[in-house]
Amino acid sequence: MCERINDQHPQLVRKTDVVLTFSNGLIVLAVITTPHFRSLTYLHICNVAVADFGVGLGALLSGAWPMCSMDGAASAYYIANTTCSYSAAMASLLCLLLLAIDRLVYIVYPFVYIKPRTAKLLKFAMAAAWGLSIFSGTMPLLLWGSSTGKCIIGSVDLDYYHSAFPGIFLPVSVISTACYLKIIAVSRDQQRRVAQSWTVAGHKVILPSKAKSITVFFLINTVFVLCWIPFTLDTIISTCEYRSLQRRELLFCIGNFSSVLNVLLYSWKSKEMRKIYRRLLCCGQKQETNCPGNFS
């Protein structure tokens, strides 16, 4: 059986889950309440934020019960929240991949991107990603009582979650990183060509605004991959019998920290996003001078 510890959910993990839920809820509200954010790119951003919100909420609810001798209602409660958290984590992975593909098509194949069929295809891919995530997350419930693994809580084999996450994380992280490396290479080539075309002395080449968004999305993808690598390696190396629950929670907390940083990375290059955050934190008040979110 998996190691179970009588200690309550660690305070560090609980605080990270609270910040994770709040920050991604703020991103969702920013996209929903801003009319000109109804573009395909912001739809990808909203999908990632909704998925990360689900991860944080599921982790918060899972921490409401101590990890010891879970039977009956407590066991079912933990299983349900584990299922929701894993489904949301899967959706976050796939939505980040779709965001990378969206940026790749936008930069490398702009004439393909503007076609209505491309937008419909990407929206269908978003729906498929959520459907696949929910299906994979509920798979142990469909196989309730038929598992033979060693890591079992309430007749549900948690070895499925431990093995499935690396199987999705590794290929998704490689593909999304390759997409951004391709985007960076194409963008630099475009900038070099623009610089060569400016032959009049004294002219300054101004980087297009899309270069800023590329930097932000590349950082989001890089931070996500780096933060989740320790958790993934621990899952691959450690068997269920020798897996420390406290270490797993700490590594999971580090992975979730990447989603906490999203709210900062989105506003790093966007003054408008910072204004929207202040507006939401001030509950729509026009007087921003008295707002605690106004750091100017």
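Start by selecting Cys227. Cys227 is buried, because its relative accessible area is 12%; buried means under 20% relative accessible area, exposed means over 50%, and partly exposed lies in between, with a 1.4 Å probe and protein chains only. This is a predicted model, in which local features need pLDDT of at least 70 and side-chain atom pairs count only at pLDDT 80 or more, while totals for chains, interfaces and linings use all residues. Residues are numbered from 1 along each chain as its sequence is written, and side-chain values use heavy atoms, with hydrogens and water left out.

Now pick Cys46. Is Cys46 buried or exposed? Cys46 is buried, at a relative accessible area of 14%. How many disulfides does the structure hold? It holds zero, a disulfide being a pair of cysteine sulfur atoms within 2.5 Å. For Cys46, the nearest cysteine sulfur belongs to Cys95 and is 9.7 Å away.

**The whole chain**

Zoom out and colour by secondary structure. The protein chain has 10 helices and two strands. These are DSSP runs numbered from the N terminus: helices are H or I with at least four residues, strands are E with at least two. From the N terminus, the order is α-α-α-α-α-β-β-α-α-α-α-α. Of the 296 residues in the protein chain, 46% are buried. Next, consider contacts, meaning heavy atoms within 4.5 Å. Among contacts in the protein chain between residues at least 6 apart in sequence, 75% join residues at least 24 apart.

Select Leu93, which sits in helix H3. Leu93 is buried, with a relative accessible area of 1%. Show its surroundings. Not counting residues up to four places away in sequence, Leu93 touches Phe165, Ile168, Phe169, Val172 and Phe224. Then draw a distance from Leu93 to Val225: the two are 132 residues apart in sequence, and 9.8 Å apart in space, C-alpha to C-alpha.

Move to Leu96, also placed in helix H3. Leu96 is buried too, at a relative accessible area of 6%. Which residues does Leu96 contact, leaving aside its neighbours within four places in sequence? They are Val48, Ile220 and Phe224. Another distance to draw runs from Leu96 to Ser176: these residues are 80 apart along the chain, and their C-alpha atoms are separated by 7.5 Å.

**A serine in helix H6**

Go to Ser187, in helix H6 (residues 159-197). Ser187 counts as buried, because its relative accessibility is 8%. Ser187 touches Ile107 and Ile214, not counting residues up to four places away in sequence.

**Aromatic rings**

Show the side chains of Phe, Tyr and Trp. Rings (for Trp, the six-membered ring) pair if their centres lie within 6.5 Å; planes under 30 degrees apart count as stacked, over 60 as edge-to-face and the rest as tilted. The structure holds six aromatic pairs. Phe37 and Tyr42 are stacked, because their ring centres are 4.0 Å apart and their planes are at 10°. Phe37 counts as buried, at 2% relative accessibility. Tyr106 and Tyr113 have ring centres 5.2 Å apart and planes at 75°, so this pair is edge-to-face. Tyr106 counts as partly exposed at 31% relative accessibility, whereas Tyr113 counts as buried at 15%. Next, select Phe169, Phe224, Trp228 and Phe231 together: they form one aromatic cluster.

**The second largest cavity**

On a 1 Å grid over the protein atoms alone, a cavity is a set of points where a 1.4 Å probe fits but cannot get out, and lining residues have an atom within 4 Å of a point. Grid points are joined across faces, edges and corners, and a volume is the space filled by probe spheres set on the points. There are four cavities of 30 Å³ or more. To find the second largest cavity, select its lining: Asp52, Val55, Ala89, Ser92, Phe165, Phe224, Trp228, Asn256 and Ser259. Helices H2 (40-62), H3 (72-108), H7 (209-237) and H8 (245-260) each supply at least two residues of that lining.

**Last stop: helix H10**

Finish on helix H10 (residues 271-281), whose buried residues are Met273, Ile276, Tyr277, Arg278 and Leu280. Just after H10, look at Cys283, which takes a positive phi of about 60°.

Terms used
On a 1 Å grid over the protein atoms alone, a cavity is a set of points where a 1.4 Å probe fits but cannot get out, and a pocket is an open set with protein on both sides within 12 Å along at least five of seven lines; lining residues have an atom within 4 Å of a point.
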